[in-house]
Amino acid sequence: MVLLILMLIVGLGLVGAYKKEIRTIPGSPIWIRTKVANENNWNNIKSCIYETRTCGDLASSSSMLTAYDFTRRKLSSIESGCCKPPTSCGMEYVNATFWTEEEEQEIDNSTLNDRDCDLWRNQENRLCYNCNACKEGFLRTLRGKWRKIGNFLVAMALLLIIAHLILFVATMWDQYG
């Protein structure tokens, strides 16, 4: 049992220490990215994001904010990727989920978010749910949750090791006194 727990800790440590992208291990970064890149999977994911009303809640909680206050607000990865257009698009803030294009400002065409600028819509059910920024925000959120679960598993494994060692020492102490 102790050897299995040690192997678990070493395995989790190695997976966390080296960000290898291996297709054969479910849960590795490339595997997740391919699942998110698949349109059928992404349609299911974005419908879940929409149904949680993340953008609706953002809009209602920031309805009285000015553009300056909104830009200073800390947004989650999903809120910043799915609920607002990328900053490089040069859109003007009206409210959290409604933005207008600035006609006189020249948009930086060298960014990777050009396609995201074209995909942005002010409709509540579209916003930027099809944007790459939204997919990246979802992946960032997922990685954060997996990191928390990994930390919990390592802590539980350490507690199991300590408990087994204490039990072993107590048993040996009792037998050989």
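**Entry 1, getting started.** I take helices (H or I, at least four residues) and strands (E, at least two) as DSSP runs, numbered from the N terminus. The model is predicted, so I keep in mind that local features need pLDDT of at least 70 and side-chain atom pairs 80 or more, while totals for chains, interfaces and linings use all residues. Residues count from 1 along each chain as its sequence is written, and side-chain values use heavy atoms, without hydrogens or water.

Next I followed helix H8 (residues 132-176) to its meeting with helix H3 (residues 39-51): their axes (lines fitted to C-alpha atoms over the stretch in contact) come within 12 Å and cross at roughly 75°. That makes H3 roughly perpendicular to H8 (65 to 115 degrees). From H3, Glu39, Trp42, Ile45 and Ile49 meet Cys134, Lys135 and Phe138 of H8 (heavy atoms within 4.5 Å). I sorted the contact residues into five nonpolar, two charged and no polar.

Then I turned to a pocket (open grid points, 1 Å grid, with protein on both sides within 12 Å along at least five of seven lines; lining atoms within 4 Å). Helix H5 (67-72) and strand E1 (91-95) each supply at least two lining residues, and H5 gives the most, with three. The lining of this pocket splits into eight nonpolar, three polar and two charged residues.

How many cavities of 30 Å³ or more does the whole structure have? My search turned up one (a 1.4 Å probe fits but cannot get out). The largest cavity has a volume of about 30 Å³. Around it I listed Tyr50, Arg53, Thr54, Cys55, Gly56, Glu124 and Tyr129. Helix H4 (residues 54-61) brings the largest share of this lining, three residues. By type, the cavity lining has three nonpolar, two polar and two charged residues.

Definitions and conventions
Axes fitted to C-alpha atoms, helices over the stretch in contact; angles between N-to-C directions. Parallel < 35°, antiparallel > 145°, perpendicular 65-115°, else oblique. Nonpolar A, V, L, I, M, F, W, Y, C, P; charged D, E, K, R; others polar. Points joined across faces, edges and corners; volume = space filled by probe spheres on them.
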